[in-house]
Amino acid sequence: GKVLIIVADDLVKENMDATIIKNNTERLQNHVDTVSNAGGGTVHIPAGTYYFASSGANLRNVEEYVILCKDNVIIEGEGNSESSGTILVPYGTVSLEKGGMDMFYHNQYEDSNFTDPDFLENADFKDFVIDGGKVVGGTYNSSGKGFMINLFKNCDWENVTVKNTDGT
């Protein structure tokens, strides 16, 4: 089958304007969805620092997330160097009952009240940094991760740095 490659050059770097952050979030999710719906491939994020907003909360409403992961999608940056790589920054304020904001999320099992044990499959992550240090508010708990992924098969992480997060 055809393997789709999308270069996410429509994301805006180095800008914390609320509208731009919202647009970055929507655009990255759309790229992930498009690649998954096409049967798989890569979303390539050029070097730079990108800020993202929450796009939702989990079923129990205890953590927010930026991107819902999809099957057969590789998220690829241009390295995990602090000075020249691709840096993804969840940004914003979470309410007190929530612990934090995850950059990448997949937890269909819990979010279906444990009725749909859906595995994230063939989703790879490589060559980027997640910096969770720009999320404020919330109560410390194990949420607020670079990756909150429950149930996965054949997923690989390579050259990825996660820092300044409450959880993993």
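Reply: What follows covers a cavity, a helix and some loop residues in this predicted model.

Me: Start with cavities. How many of 30 Å³ or more are there?

Reply: The structure holds 1. The volume of the largest cavity is about 40 Å³.

Me: Which residues line the largest cavity?

Reply: Val32, Ile67, Cys69, Lys70, Val73, Ile75, Phe104, Ala123 and Phe125.

Me: And how does that lining split by class?

Reply: It has 8 nonpolar residues, 1 charged residue and no polar ones.

Me: Val32 is on that list. Is Val32 in α1 buried or exposed?

Reply: Val32 is one of the buried residues of α1. Others among them are Ile21, Leu28, Gln29, Val35 and Ser36.

Me: What pattern would you look for along a helix?

Reply: An α-helix has 3.6 residues a turn, so residues three or four places apart point the same way. In α1, the buried set also includes Asn24, Thr25, His31 and Asp33.

Me: How many residues does α1 have, and what does it span?

Reply: Helix α1 runs over residues 18-37, which is 20 residues. From first C-alpha to last it reaches 28 Å, close to the 28 Å expected at 1.5 Å a residue.

Me: What happens at the start of α1?

Reply: A side-chain oxygen of Asp17 comes to within 3.1 Å of the backbone nitrogen of Thr19.

Me: And what follows α1?

Reply: Gly39, with a positive phi near 105 degrees. Gly40 is in the loop between α1 and β2 (41-44). Gly40 counts as buried because its relative accessibility is 5%, under the 20% cut-off.

Me: How far is Gly40 from Ile6?

Reply: Their C-alpha atoms are separated by 11 Å, with the two residues 34 apart along the chain.

Me: Changing topic: where is Asn58?

Reply: Asn58 is in the loop between β4 (56-57) and β5 (64-68). With a relative accessible area of 3%, Asn58 is buried.

Me: What does Asn58 contact, leaving aside neighbours within four places in sequence?

Reply: Asn58 is in contact with Glu63, Tyr65, Tyr105, Glu110 and Asp111.

Me: Last one, phi. What is it for Leu151 and Asn154?

Reply: Most residues other than glycine have a negative phi. Leu151 has a positive phi near 70 degrees, and Asn154 has a positive phi of about 55 degrees.

Me: Where are they, and what is the accessibility of each?

Reply: Leu151 lies in the loop between β12 (147-149) and β13 (152-153) and is partly exposed, at 23% relative accessible area. Asn154 lies in the loop between β13 and β14 (157-163); at 56%, Asn154 counts as exposed.

Notes. Residues are numbered from 1 along each chain as its sequence is written. This is a predicted model: local features need pLDDT of at least 70, side-chain atom pairs count only at pLDDT 80 or more; totals for chains, interfaces and linings use all residues. Side-chain values use heavy atoms; hydrogens and water are left out. On a 1 Å grid over the protein atoms alone, a cavity is a set of points where a 1.4 Å probe fits but cannot get out, and a pocket is an open set with protein on both sides within 12 Å along at least five of seven lines; lining residues have an atom within 4 Å of a point. Grid points are joined across faces, edges and corners, and a volume is the space filled by probe spheres set on the points. Ala, Val, Leu, Ile, Met, Phe, Trp, Tyr, Cys and Pro count as nonpolar, Asp, Glu, Lys and Arg as charged, and the others, Gly among them, as polar. Helices (H or I, at least four residues) and strands (E, at least two) are DSSP runs, numbered from the N terminus. The expected span of a helix is 1.5 Å times one less than its number of residues. Buried means under 20% relative accessible area, exposed over 50%, partly exposed in between (1.4 Å probe, protein chains only). A polar contact is a pair of N or O atoms within 3.5 Å; within protein, one must be able to donate a hydrogen and the other to accept it, and residues adjacent in sequence count only if both atoms are side-chain atoms. Contact means heavy atoms within 4.5 Å.
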